[in-house]
Amino acid sequence: MSESTSRGAAAKAHAEADVAGAAFHTRIDTALGDGKLRQALSMTTGRLATGRATAFAALPYAEALRVAAQRIRAHTIAHLDRYLVEFTTNAERAGCRIHWAETAADAARMVVEIARASGVSLAVKSKSMLSEEIELNSALESAGIRVVETDLGEFVVQLAGDRPSHIIAPIVHRRREDVAALFREKLGATDEEVATIPAMTAFARKTLRDQFVGAGMGVSGVNLAVADTGSLCLVTNEGNGRLTTTLPRVHVALLGLERLVPTSADLSVVLQLLARSATGQAMPVYTNVLTGPRRRGSAADAGGGEPDGPDQLHIVIVDNGRTRLLGSELAEILYCVRCGACLNVCPVYRQIGGHAYGGVYPGPVGSVVMPGLEGLGAWSELPQASSLCGACRDVCPVRIDLPRLLLKLRAQAVRQSLGPAWLRLGMRIFAAVATRPAVYRHVGNLVGRIGAAVAPDGWLTRLPGPLAAWTQSRDFPAPAAKSFTQSWRPKRGAERTRR
Ligand code: SF4
């Protein structure tokens, strides 16, 4: 790379970081000023976090299971090449068609092509964060294919033209009354149909049933794929996953290439932790393990075969930046099974919700995944959105050390000179002063004198410029009138005299 090209790339990264930083702070301010959002967040994340804590307290050997799950995921990621070959070989043997997508755009294009080849005009979708990552809905709609979200939360998101704000609870930012108003406005629901949560659920179910029957294609994500059987495991609480993967003639499963386990026994270890971590349930209501499309009867099996299921099962295996993470200092994030537990306990997420993060994946996991998949340029502020309290690491079912990864990203941002211009300049000035003892002493004395003059009680109530954000909600301790060296020197002199 030439020097000018490299400088151009660095300047672009700085500009991106500055714009992203400003936008991030604006989104944070908006979220913090939204009382309804904070009420909804506090209620739902509190309920999910308590549910998880109760479920784990009742689980014998919970810690041993977490260690085992971590080992399984670490081993799989370390040997991902081998397990991907094993999985695809077995899945193809079972009748699946495998598609490899290097980028998000490739993945979306492949799904569109599959739909076109089968003459699909309506697709139903069960919940899949990967489909959000590859922006599948807009790709299908641009190709004239209607898509209907069938997970209740995602259905509400689609109806409202909104975005999910949580990995497993997409409408964590909406209250029950908001959903009722939306159903009235968009679907003409009556007061009776939105009177209670069960009534709204029944109303949504009735609305969605016809879509399942009419759809030519079902699109799902995959929670985990099993290498030695070529099976796909999907967990849901609403049964929509089962309808999406069995009623339409074509099933397309989107699989992030890291989401494998070697065997069914390994799957059972992770499944014991997944729902407990996500919602506090011992098991999800529906755990589906699919191996290949519908099997037709044949002369050999005396007219056996399966009465239902799709004629075609396509598995789109998506890279989109994941292989870049393999072998990097962030590779541990590939263990993630997207349970969402780290969001529910994060003191930052619990205040600002998912939209403020700006990416598909929010919370502590998103603060690593987004820069990990797309580079730090546009996401350099996210690793700062953490108190590093460690609550995320403590609840992670696969024991990902999220604070350590966030610190790695902060260090990368410093090495790449990312972050706001004022901070970079401030740190350069500090480094220049701190590495010259005489200058440091003089500046320290001066700052101490100014501090004593402007804050006689020892507290600053207003700071200038970008530092004002601190004093908007709390006071800042004024610099000490005497530096440590000034206070210590006479004591050291007295000590020497005594000796
Ligand atoms: S990082 Fe851990 S806690 Fe967070 S979503 Fe992933 S698996 Fe769950």
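The model discussed here is predicted.

**Ligand site**

Cys 336, Val 337, Arg 338, Cys 339, Gly 340 and Cys 342 are around the ligand. The shell divides into nine nonpolar residues, one polar and one charged. Arg and Gly fall in separate classes: Arg counts as charged, Gly as polar. The space that the ligand takes is the largest cavity.

How many disulfides does the rule give? The count is zero. The cut-off for a disulfide is a pair of cysteine sulfur atoms within 2.5 Å.

Cys 339 counts as buried because its relative accessibility is 8%, and buried means under 20%. Cys 396 has a relative accessible area of 9%, so Cys 396 is buried as well.

**Leu 402 and helix α18**

Leu 402 is found in helix α18, which covers residues 402–415. Its relative accessible area is 2%, so Leu 402 is buried. Leu 402 also lies 8.8 Å from Glu 332, C-alpha to C-alpha. In sequence, Leu 402 and Glu 332 are 70 residues apart.

**Helix α16**

Is α16 enclosed or open to the outside? Eleven of its twelve residues are buried, so α16 is largely enclosed by the rest of the structure.

**Positive phi**

Most residues other than glycine have a negative phi. Tyr 61 has a positive phi of about 60°. Asn 320 also has a positive value, near 45°.

Tyr 61 is found in the loop between α2 (35–57) and α3 (62–78). Tyr 61 counts as exposed, because its relative accessibility is 68% and the cut-off for exposed is over 50%. Asn 320 is in the loop between β10 and α13. With a relative accessible area of 17%, Asn 320 is buried.

Asp 319 lies in the loop between β10 (312–318) and α13 (322–325). Its relative accessible area is 13%, so Asp 319 is buried. The C-alpha atoms of Asp 319 and Ala 107 are 9.0 Å apart. Along the chain, Asp 319 and Ala 107 are separated by 212 residues.

**Accessibility of selected residues**

| Residue | Relative accessible area | Class |
|---|---|---|
| Leu 402 | 2% | buried |
| Cys 339 | 8% | buried |
| Cys 396 | 9% | buried |
| Asp 319 | 13% | buried |
| Asn 320 | 17% | buried |
| Tyr 61 | 68% | exposed |

**Whole chain**

The protein chain has 22 helices and twelve strands. Buried residues make up 48% of its 499 residues. Along the principal axes, the C-alpha atoms fill a box of roughly 105 × 55 × 55 Å.

Key. Residues are numbered from 1 along each chain as its sequence is written. This is a predicted model: local features need pLDDT of at least 70, side-chain atom pairs count only at pLDDT 80 or more; totals for chains, interfaces and linings use all residues. Side-chain values use heavy atoms; hydrogens and water are left out. A residue is near a molecule or strand if one of its heavy atoms lies within 4 Å of it. On a 1 Å grid over the protein atoms alone, a cavity is a set of points where a 1.4 Å probe fits but cannot get out, and a pocket is an open set with protein on both sides within 12 Å along at least five of seven lines; lining residues have an atom within 4 Å of a point. A molecule sits in a cavity or pocket if more than half of its atoms lie within 2 Å of its grid points. Buried means under 20% relative accessible area, exposed over 50%, partly exposed in between (1.4 Å probe, protein chains only). Helices (H or I, at least four residues) and strands (E, at least two) are DSSP runs, numbered from the N terminus.
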